[in-house]
Amino acid sequence: MTDIMLVDDEVLALEYLKNMVDWERNGYHVVGCATSGKKALELFDRTHPQIVISDIRMPGTDGLELTRQIKEKDKETVVILLSAYRDFDYAQKGIRYGVSNYLLKHELSSELILKELEEVKEKLERAGNKKKIYQKYFMNQLIYHRVTAEELDKSILGNRFFLLLLHKRNPVIQGEFAETRWTEEEQEAVRNILEESLENIVFYAADVQITENNWILLYRIENTASKYMVNSLILRKCHQIADQLELCLQMHFNMVYSYEITPEEISETFRTISRQIRYSVFWEDEAICAMEKMPEKEKKAIWGEQIRILREAIYGSEEELEKQIEVIFSGIREKEDLEDCKMLLPSLSNLLGELCESENCKEIDLKEPLYTIREIEQYYCRNFSYIQQKYARKARLGYSRTVLDMIDYIEKNYPQELSLELLGEKFHMNGVYLGQIFKKETGQTFLKYLTNVRISEAKRLLLEENSTVAETAQMVGYRTSQYFSQIFMRNVGMKPQEYKKQRKE
């Protein structure tokens, strides 16, 4: 259902509009009607409709002022204005404020309104897809603490939240934990459940699937909610999700949720919930657990806290990183506990692999054979330090976070077809504007930077991997070897075959 709010200062006109269309039958839900701009704004804050249909001329806050204030609250809301007047100046002003359309009252009919709403629905669906891309990106930034409090856009997010981790349980089969994952069908069904609001107070904000069987969700709490009722609302939301999961999917799951938190607390709360979910094997099936009421098991989770500190040290100082690696390995050396070592190394390996992917460090050999504890320590110390230095070099360039994120995205996805339009959708920004700030900060166009990345990787593949020209072209993002050779010649001054032969000689 698409939520709609109707506004008109004439009660009879409002009643006529309400009864003109069979809203529910056509997929629309009228969340409320308002007889003034002021009341409409109050209703909007409570219900957050996707579409507003309003009279343009009203005493006090008229339709244009109502549009302006609604767009300040949520620029994605669609506003359709109605008038009995053919007023060109009004129409022009309405367009500037972001009005979707301007309809004359005496021409209204159910057919005209439904036709207009179908076009609006298509726009909302396209905007919704872009918004989901942005939400996943931003959610990742929040939970891994890659944004500061100053960077949070509270006009979009608000400042009252809670986190919920939805965990699909792993079964034990013949004494071993079998891996499980959310299927595509389950994901679609679950998403519809998760995005439902509760009493127009608790609203879905964003989500991201962090592992094959763990889904982290962020919910926004309206400021109208009493702080004394918030915990009760949160628990009711969890039970709402649980009831529908059992009814629709009949799956085995657990949930861990937080009480009310601020945006600045999201990352630390996520880490705590992630640690707690490891112990779900000891819980009842379909258990719903409050994070704050669970005993802290952190000390029993071997290496969990040390790995977390190590991850943060990568983006800190050189001294912090060296100290944390020393702390980890001195404990291993002193105890000479083989089981401890066996538990530590997969965690270190996973962290290194994740960071290599994040910082595009393909030059690090993740499969290097190591035989002694000293070799192991030196290996991780050397590679974590290299990643730290690579990150620091980028940071020292003085690029903005947006440009750094663009560089990371290019370096990870250069084999694919990339364009400023695609990056615009990825980062929820205008592609032309992204290109302008990229060139201003780096001194290169987006296309030139992408070409340099591809040619640099092509050189490595030709020499180190002994790839053919055709194979190299495909692996760095060119459809044909002929076009790749032209680009290579233009940038290197010789053909790929000549470069490969000359360097080997």
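Reply: Q306, I309, L310, A313 and I314 in α10 meet E320, L321, Q324, I325 and I328 in α11. Contact here is heavy atoms within 4.5 Å, and helices (H or I, at least four residues) and strands (E, at least two) are DSSP runs numbered from the N terminus.

Me: What is the make-up of that contact by class?

Reply: The contact of α10 with α11 has seven nonpolar, two polar and one charged residues. Ala, Val, Leu, Ile, Met, Phe, Trp, Tyr, Cys and Pro count as nonpolar, Asp, Glu, Lys and Arg as charged, and the others, Gly among them, as polar.

Me: Before we go on, what sort of model is it?

Reply: This is a predicted model, where local features need pLDDT of at least 70, side-chain atom pairs count only at pLDDT 80 or more, and totals for chains, interfaces and linings use all residues. Residues are numbered from 1 along each chain as its sequence is written, and side-chain values use heavy atoms, with hydrogens and water left out.

Me: Back to the helices. At what angle do the axes of α10 and α11 cross?

Reply: Roughly 160°, with the axes of α10 (residues 304-314) and α11 (residues 318-335) coming within 8 Å. The axes are lines fitted to C-alpha atoms over the stretch in contact, and angles run from 0 to 180 degrees between N-to-C directions. That makes α10 roughly antiparallel to α11, the term for angles over 145 degrees.

Me: Now loops. Where is T35?

Reply: T35 is in the loop between β2 (28-34) and α2 (37-47). Its C-alpha atom is 5.1 Å from that of D8, 27 residues apart along the chain. Leaving aside neighbours within four places in sequence, T35 contacts D8, D9, V11 and L14.

Me: And E222, buried or exposed?

Reply: E222 counts as buried because its relative accessibility is 9%; buried means under 20% relative accessible area, with a 1.4 Å probe and protein chains only. E222 is in the loop between β10 (214-221) and α8 (230-248).

Me: Last topic: how many residues are in the largest nonpolar core?

Reply: It has 31 residues, and I410, F438 and F446 are among those with the most contacts inside it. A nonpolar core is a set of buried Ala, Val, Leu, Ile, Met, Phe, Trp, Tyr and Cys residues joined through side-chain atoms within 4.5 Å.

Me: Which helix gives the largest share?

Reply: α17, with eight residues.

Key
Angles under 35 degrees count as roughly parallel, over 145 as roughly antiparallel, 65 to 115 as roughly perpendicular and the rest as oblique. Buried means under 20% relative accessible area, exposed over 50%, partly exposed in between (1.4 Å probe, protein chains only).
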